[in-house]
Amino acid sequence: MNLLSSEKRVLSGMRPTGPLHIGHLFGALANWKKLQDSHYDCFYMIADWHALSTEYKNPGEIKNNVFEIALDFLSCGLDPEKSVIFIQSMIKEHAELNLILSMIVPVPWLERNPVYKEQIQELSEKDLTTYGFLGYPVLQAADILIYHARYVPIGIDQLPHLELTREIARRFNFLYGQYFPEPKELLTETPKVPGIDGRKMSKSYGNAIFLKDSEEEIASKIARMFTDPKRIYRKDPGHPDECPVFAYRKLVSNHWQDVKQECLSAKIGCVDCKKQMAEELNHYLIPVREKRKILEKNPEQVWEILKKGQRKAQSVAQQTMENVRKLVGLEL
Ligand code: TRP
């Protein structure tokens, strides 16, 4: 089989900077699972080198997080029999392709990257004036191109990186001969999942509901959740489309249309609505929790899965690198 000619190849990755929350589940993992179950040829990666680009002062945390994310991936239904699940740094070929691509990427392409500019400002407590952080999208391009991925499921925030990946592929193809296919994004349909305070869910805002939270933790977080800011009294009609609790109920409740009517007509109050939602979310997470419990007790099994992923990913990556060395004229 030609490992590089897969028309249905998908690649995506997540940075192991902390445990995953339900924003990741509804915003990304559910979609990754859907692709896996619709016969796409999926590669899902834990991008630990990318995590190092911002966490280089505390790299010890990355290793723990890698394992936690592997548990999150598997407990949410990513299936190692169907998808290749692997750790970026176990495939050294990504680093070699990153190096070769770095020779042909003009620095201004990286300096004008809006994600770069935004992150430097937002994460001002970190010193991100490094070479590696500027080159973050080059490594990401290497991740994608090395598997000849045709599709990359990502959120809107990552679009500039995918555009750069296409530009880098075009430049490589122009200089050394047509080789890399240009990948397309698959944007996730689910809108941003709000955090318990109504802002975007993020670990750094302290407003996240984690996949590994217990039932009690989830119930207490939801009890504290912000609701419709315009609904002052119990008898006031609600505005479900502006309420973070309703955003969740749409995701986890199978009778959310009724809930909407009940809210609009003030039949249900926010306290009861939150109680129902906590139950629904906990119910939704039952299989995830059960799977996680089993895997937590069998860390060797998780590492075995990651090693199997490494073998599969590496056989593709090695083939690409042999071709790349030939095309560039550095084959020894
Ligand atoms: N930059 C991505 C993010 O922060 C993570 C990532 C690394 C990625 N390599 C990738 C995503 C390749 C898609 C494809 O979310």
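**View 1. Glu280 and the residues it touches.** Leaving out neighbours within four places in sequence, Glu280 is in contact (heavy atoms within 4.5 Å) with Arg249, Val252, Ser253 and His255. Glu280 sits in helix H13, residues 270-284; helices here are DSSP runs of H or I with at least four residues, strands are E runs of at least two, and numbering goes from the N terminus. At a relative accessible area of 14%, Glu280 counts as buried, where buried means under 20%, exposed over 50% and partly exposed in between, using a 1.4 Å probe and protein chains only. Keep in mind that this is a predicted model: local features need pLDDT of at least 70, side-chain atom pairs count only at pLDDT 80 or more, and totals for chains, interfaces and linings use all residues. Residues are numbered from 1 along each chain as its sequence is written, and side-chain values use heavy atoms, with hydrogens and water left out.

**View 2. The shell around the ligand.** There are 14 residues around the ligand, and His50, Tyr136, Gln140, Asp143 and Gln158 come nearest; a residue is near if one of its heavy atoms lies within 4 Å. By type, the shell splits into seven nonpolar, five polar and two charged residues.

View 3. A polar side-chain atom of Tyr136 lies 2.7 Å from a ligand nitrogen. For Gln140, a polar side-chain atom is 2.9 Å from a nitrogen of the ligand, and for Gln158 an N or O atom of the side chain is 3.0 Å from one. On its own the ligand exposes 360 Å², and the protein buries 88% of that. Strand S1 (9-14), helix H8 (136-145) and strand S4 (151-154) each give two or more residues to the shell, with H8 supplying the largest share, four residues.

**View 4. Strand S1 beside S2.** Five of the six residues of S1 are buried, so the strand is largely enclosed by the rest of the structure. S1 runs parallel to strand S2 (residues 41-46), and six bridges join them; strands pair if DSSP finds at least two bridges between them. One spot to look for is Leu11, whose bridge partner in S2 is Phe43.

**View 5. Ser5, ahead of S1.** Ser5 belongs to the segment before S1 and is partly exposed, with a relative accessible area of 39%. Ser5 and Arg150 are 145 residues apart along the chain, yet their C-alpha atoms are separated by 9.9 Å.

Key:
Polar contact = N/O pair within 3.5 Å; in protein donor to acceptor, adjacent residues only side chain to side chain. Areas by Shrake-Rupley, 256 points an atom, 1.4 Å probe, with all protein chains shown as cover. Nonpolar A, V, L, I, M, F, W, Y, C, P; charged D, E, K, R; others polar.
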